[in-house]
Amino acid sequence: MDSHASPLTLIALLAAAVATVGIAVYGVRLARTTSDFLVASRSVGPRWNAAAISGEYLSAASFLGVAGLIAKYGADALWYPVGFTAGYLGLLLFVAAPLRRSGAYTVPDFTEFRLGSLRLRRLAALVVVLVCAVYLIPQFQGAGLTVRILLGVPGWVGAVAVATIVIATVAGGGMRSITFVQAFQYWLKLTAVALPALVLAAHFLGNRPATTELGAWLRPGGGLGGPHPLYAVYSLIVATFLGTMGLPHVLVRFYTNPDGRAARATAATVIGMVGVFYLFPTLLGAFARVFTPQVLGSDASDAAVLLLPESVLGGLAGQLLGALVAAGALAAFLSTSSGLLVSIAGVVSTDLLRGRIRDFRLAALIAGAVPLALSLVVVSLDLSRTVGLAFSVAASTLCPLLTLGIWWRGLTATGAAAGLIIGGLTSGAATAISVAGGIPTRIADGWPAAILSYPAAVSVPLTFLTMIAISRLTRPQPTPEIARIFVRLHAPEGLGLSTDREPGLRPAGTG
């Protein structure tokens, strides 16, 4: 594909990068303790935290991928933005406040607090690293695609540039630093996707002959591609609705709230902010079916948002809007990658290393370099497809662990471990096959291919059933101990039951 570079595009990309680094440097000045690096000393208010969560959650899959899939598959792909948003309702109802009340710093930290097993904590840490790594790979790939299309340079240049900025900002200031960065990047991304959508809507309304073509995307299509498209839709719904409750980089942000009440308010605010954002990629995807049909049958459907402004408007107006979109795309890669890297670095530094600031920085360097290398060699799928696989892994592992751990007293460490292993192996294997080279030709039209492409409908129920069944067969925690834990998780604020503690210290009553 030819480059659509312009001086304005290059200036916009540089401005977004410089603004990110500048805000991060400001945050670095405020990051002095381990608590600052891991959870911003639990001092982030609901509105600020909601903007930061929205900033990191609205990844390349949201900014580019959703519009690309709607351009490619029509209304059948609407389940992506609906699921990505609706997942926060489950997080609001079932996870946010109890998780914050636990006083944990990471998901593995919560796991040990709840079930009292150091081995299970280490297994949960491995799962967190797996989920975040799978999610990081498409962010770097998307950065490479964007830079290649906009500037005409090799794809690896964009991936390396984004990885370098992310590693530097995360290692420099941790959670305290990227909170400021991600909040700024949400508003940049919203502006960068909303303004082009509104301008193109005005252009479309003055272009009546295209009305019939645009209406075509609303008609029922042929599903999401591949065999058994109805199964693919149902599996996608399961993955996106439940996967949010298991995304480590989202969950860790609720640890930064002062208390459970603030965590619940944060989740409610995120639903509104994310919901507003997704209106615009959906609109851009519809316009792409009319104005950039050349990308619909290609592997570059993710480029639809990048190509639209200049393809439709041309001239200076198209270049200005294209430059704004480019800046928003770069912000999408940077913000989500930063959140993922903080999650991995926090888990690795506290569970595998000694939990010092220098350990966090070393973990950030390694955790950024490995997914970067993988992004350069594995198959590049549609961004939302790859992220959908990461959601499947999260929904099949950490979501059942947290949901049952918070709401079911009968969960045992053995049952949780069995479920994590089964869910991780089934969803992880499907993801590995999909990104390592695709589905084998001999099964490309059957149920095995459908399940490998969209594993959540099988792997999620299997994980829940495994955790429940094995927990029934193993010895539960002592009644007084589990009672104390559930009081901590579910008692209202104001009763003096906070379990906040220094990272790396194990809570009383755990084994």
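Trainee: Let's start with charges. How many salt bridges turn up in the whole structure?

Mentor: The general idea goes like this: side chains of opposite charge can pair when their charged atoms come close. In this predicted model, a search of the whole structure gives three salt bridges. One of them brings together the side chains of Asp109 and Arg121, at 3.2 Å from N to O. That pair links distant parts of the chain, with Asp109 in helix α7 (residues 107-115) and Arg121 in helix α8, 12 residues apart.

Trainee: Which residue forms a salt bridge with Glu112?

Mentor: Arg121 again: its closest N and O atoms with Glu112 are 2.8 Å apart. Arg121 also meets the side chain of Asp351 in a salt bridge, 2.4 Å from N to O. Here too, distant parts of the chain are linked, since Asp351 sits in helix α15, 230 residues apart from Arg121 in helix α8. Through shared partners, the salt bridges join Asp109, Glu112, Arg121 and Asp351 into one network.

Trainee: Now helices. Why is helix α14 described as largely enclosed by the rest of the structure?

Mentor: Count the buried residues. In α14 (residues 304-312), seven of the nine are buried, so the helix is largely enclosed by the rest of the structure. The buried ones are Ala304, Val305, Leu306, Leu307, Leu308, Pro309 and Val312. Their cover includes α4 (60-73), α8 (118-151), α9 (155-205), α13 (260-291) and α15 (315-351). Just after α14, look for Gly314, with a positive phi of about 65°.

Trainee: How many residues of helix α18 are buried?

Mentor: Nine of its 10, which leaves α18 (residues 398-407) mostly covered. Among them are Leu398, Cys399, Pro400 and Ile406.

Trainee: Which helix gives the most to the lining of the second largest cavity?

Mentor: That's α17, with four residues. Both α11 (229-243) and α17 (383-396) supply at least two residues each. The lining includes Tyr80, Ser235, Arg385 and Pro455. By type, the lining residues divide into six nonpolar, four polar and one charged.

Notes: Residues are numbered from 1 along each chain as its sequence is written. This is a predicted model: local features need pLDDT of at least 70, side-chain atom pairs count only at pLDDT 80 or more; totals for chains, interfaces and linings use all residues. Side-chain values use heavy atoms; hydrogens and water are left out. On a 1 Å grid over the protein atoms alone, a cavity is a set of points where a 1.4 Å probe fits but cannot get out, and a pocket is an open set with protein on both sides within 12 Å along at least five of seven lines; lining residues have an atom within 4 Å of a point. Ala, Val, Leu, Ile, Met, Phe, Trp, Tyr, Cys and Pro count as nonpolar, Asp, Glu, Lys and Arg as charged, and the others, Gly among them, as polar. Buried means under 20% relative accessible area, exposed over 50%, partly exposed in between (1.4 Å probe, protein chains only). Contact means heavy atoms within 4.5 Å. A salt bridge is a side-chain nitrogen of Lys or Arg within 4 Å of a carboxyl oxygen of Asp or Glu.
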